[in-house]
Amino acid sequence: MFNQSMPQPTFYMLKCEVPKNPNFPKPACVTAENRDLFQYMAGKIMEKGIMGAVQPVQSGCLNRCSLGPVMLIEPGHFMYVGLNKEKIDKIIDEHIMGGTPVEEFLIPKEAWSEALSIEQALKMAGR
Ligand code: FES
């Protein structure tokens with residue numbers, strides 16, 4: 001057990017870390033050109049002194065592969081797409097530290113409509 005309380009993070013930054021398979025045509029988020037993005041993001045969080053309040057997470061496929069590299073910020077279901085280092089800097093400064101999501105880097109609404117409920121998913125699965 002813990003001897004002192006451990007605060008939970010305010011934000012989780014889930015960066016898709018699925019690598020592109022050169023033998024498959026399917027797009028993926030991590031390529032030779034951008035494979036350092038997660039480490040860059042984690043380094044920036046450390047540099048800003050906000051690690052602990054912000055938890056970077058290497059995730060599996062977030063199912064928006066063609067818009068990669070992608071990252072989901074929770075709470076709020078904020079999906080950022082087409083990431084690069086400059087965008088990550090701005091997302092940390094404005095969304096995480098400033099409290100204002102960076103609208104121009106968010107996924108287009110038609111690719112991120114209302115959340116699917118459990119009831120809807122069960123119905124679609126015929127259950
Ligand atoms: S490979 Fe990154 S969202 Fe699917």
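Which handedness, right or left, does the crossing of α1 and α2 have? In this predicted model, the crossing of α1 and α2 is right-handed.

The chain contains 3 helices and 4 strands. Read from the N terminus, its elements follow the order β-α-β-β-β-α-α. Along the principal axes, the C-alpha atoms occupy a box of roughly 45 × 40 × 35 Å. Of the 127 residues, 21% count as buried. Among contacts with a separation of 6 or more, 61% are between residues 24 or more positions apart.

The strands come next. The 4 strands make an open sheet with mixed pairing, in the order β2-β1-β3-β4. Its edge strands are β2 (54-59) and β4 (78-80), each of which pairs on one side only. From one strand to the next, the twist averages 20°.

Within the sheet, β1 and β3 run antiparallel and are joined by 4 bridges. One of the pairs sets M13 against its bridge partner I73 in β3. On the β4 side, β3 (residues 71-74) pairs with β4 in the antiparallel sense over 3 bridges. Here L72 stands opposite M79 of β4, and I73 has F78 as its bridge partner in β4.

β3 and β4 form a hairpin with 3 residues between them, and G76 in the turn has a positive phi of about 115°. The loop between these two strands also holds P75, which is joined to E74 by a cis peptide bond with omega of about 5°. H77 lies in that loop between β3 and β4 as well; it is not a glycine, yet has a positive phi of about 55°. H77 is exposed, because 10 other C-beta atoms lie within 10 Å.

P69 lies in it, and a cis peptide bond with omega of about 0° joins G68 to P69. N63 is also in the loop between β2 and β3, with a positive phi near 70° although N63 is a residue other than glycine. N63 counts as exposed because it has 8 C-beta neighbours inside 10 Å.

α1 lies across β1 (11-16) and β2, and runs at about 170° to β2. α2 packs on the sheet, where it touches β1, β2, β3 and β4, and its direction makes about 160° with that of β4.

That leads back to the opening pair. Helix α1 (residues 37-48) packs with helix α2 (residues 85-97) at an angle of about 40°, and their axes are 10 Å apart. The angle is why α1 is described as oblique to α2. On the α1 side the contact involves L37, Y40, M41, K44, I45 and K48, which meet K85, I88, D89, I92 and M97 in α2. By class, the residues of this contact divide into 7 nonpolar, no polar and 4 charged.

Note on methods
Residues are numbered from 1 along each chain as its sequence is written. This is a predicted model: local features need pLDDT of at least 70, side-chain atom pairs count only at pLDDT 80 or more; totals for chains, interfaces and linings use all residues. Axes are lines fitted to C-alpha atoms, for helices over the stretch in contact, and angles run from 0 to 180 degrees between N-to-C directions. Angles under 35 degrees count as roughly parallel, over 145 as roughly antiparallel, 65 to 115 as roughly perpendicular and the rest as oblique. A crossing is left-handed if the near helix is turned anticlockwise from the far one by less than a right angle, and right-handed if clockwise. Two residues are in contact if their C-beta atoms, placed from the backbone, lie within 7 Å. Ala, Val, Leu, Ile, Met, Phe, Trp, Tyr, Cys and Pro count as nonpolar, Asp, Glu, Lys and Arg as charged, and the others, Gly among them, as polar. A residue is buried if 20 or more other C-beta atoms lie within 10 Å of its own, exposed if 12 or fewer, and partly exposed in between; C-beta atoms are placed from the backbone. Two strands pair if DSSP finds at least two bridges between them.
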